[in-house]
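User: Please take a close look at a single part of the structure shown here.
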Amino acid sequence: MPTSEQTAVHAARFSDRMEQGELAIVRRAYAKHVLATAGVDDARVEAGFAAVRREHFLGPGPWLIPRWSRPYVPTPSDDPVYLYQDALVGLVPERSLNNGEPSLHAMLIAAAPQPGEHVVHIGAGVGYYTAILAHIVGESGRVTAVEFDSGLAVRLAANFSGHPNVRSLQGDGAQIEFDPADVIYVNAGATQPSDIWLDRLNDGGRLILPLTSDKGFGENPENIPIQRRGAVFGIKRRGNEFLAKWISAVAIFPCEGARDAESERALGAAFEKGGWERVTRLYRRGDLPDEQCWLNAPDWALAYA
Ligand SMILES: C[S@@+](CC[C@H](N)C(=O)[O-])C[C@H]1O[C@@H](n2cnc3c(N)ncnc32)[C@H](O)[C@@H]1O
């Protein structure tokens, strides 16, 4: 039996915030769980999730976590251990703008960067996933992170001051100038690929593109299944051709500057019709026969062949 003194010491130790050494172990377990949930087996992605300190990016706790039962629930304390779960964390809760779900990002990131590559991260928020991307591309690679919201962009820039391989920019990632990229990782819901994303993709480069209908974010009173609200496509450039593949269903914060009513209508009709998993190509023209297309917008299409 422990003495009462030993019990008191034990209780005191366990009421303290976790130490960095303990958190490093928690992060390793978190990385394994996140990748298992995502169905991803990739040592580089796992190492990124195990290495990057989420609390460094999200600022001081307690943090707000959205739950099904109530909109946001604060973590019990500011112990960073509460950040190492597969959960969204509020960044600007009043706008339902969150640090994204780790397993979704693990799945999308696994489809993309290699060491030494240039990644452009659109909708970087305060940079937690930017840091994981930077870890994956390593010192020989680099990341350009773009955030539209000026308050978040200030925090993004501060989080990467002194990091030579991460450049942060404030602006509209659907318009802003950036160097040719091997990977463009978009973290907000567009209705169409912006021209610059396709133009600046290197040959062999990949665009990770969430497309959402007008039902692709926020309340869902009609109970529309997520598969009919939004979809992430992986677009791979081959010369002047663009191969396309459905990766995942998604509901995500809208992308400023990359939404238009006509594409939104075309997307709504495409989600209604189904068949997104048979898409193989993206075309930058609007004159294809309907039967060849899942989505046929006035000047672009997602097609089966
Ligand atoms: C779902 S949040 C994700 C933030 C971040 N990736 C994370 O997980 O912490 C989407 C972000 O995209 C940003 N955003 C929306 N439109 C944008 C645009 N055109 N260019 C750059 N950022 C944009 C929003 O301000 C928001 O921070």
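By class, how many nonpolar, polar and charged residues does the lining of the second largest pocket have?

Analyst: This is a predicted model, in which local features need pLDDT of at least 70 and side-chain atom pairs pLDDT 80 or more, while totals for chains, interfaces and linings use all residues. Residues are numbered from 1 along each chain, and side-chain values use heavy atoms, without hydrogens or water.

The lining of the second largest pocket has eight nonpolar, five polar and five charged residues (charged: Asp, Glu, Lys, Arg; nonpolar: Ala, Val, Leu, Ile, Met, Phe, Trp, Tyr, Cys, Pro; polar: the others). Its volume is about 290 Å³. Among its 18 lining residues, Gln 192, Pro 193, Ser 194, Asp 195 and Asp 299 are the closest to the centre. (A pocket is an open set of 1 Å grid points where a 1.4 Å probe fits, with protein on both sides within 12 Å along at least five of seven lines; lining residues have an atom within 4 Å of a point.) Helices H8 (195–199) and H9 (261–273) each supply at least two lining residues, and H8 gives the largest share, three residues (helices are DSSP runs of H or I, at least four residues; strands are runs of E, at least two).

Arg 284 belongs to the loop between strands S12 (281–283) and S13 (293–296), 89 residues apart from Asp 195. Shared partners join Asp 195, Asp 199 and Arg 284 into one salt-bridge network. Asp 195 is exposed at 53% relative accessibility, whereas Arg 284 is partly exposed at 36% (exposed: over 50%; buried: under 20%; partly exposed: in between; 1.4 Å probe, protein chains only).

How values were computed. Points joined across faces, edges and corners; volume = space filled by probe spheres on them. Salt bridge = Lys/Arg side-chain N within 4 Å of Asp/Glu carboxyl O.
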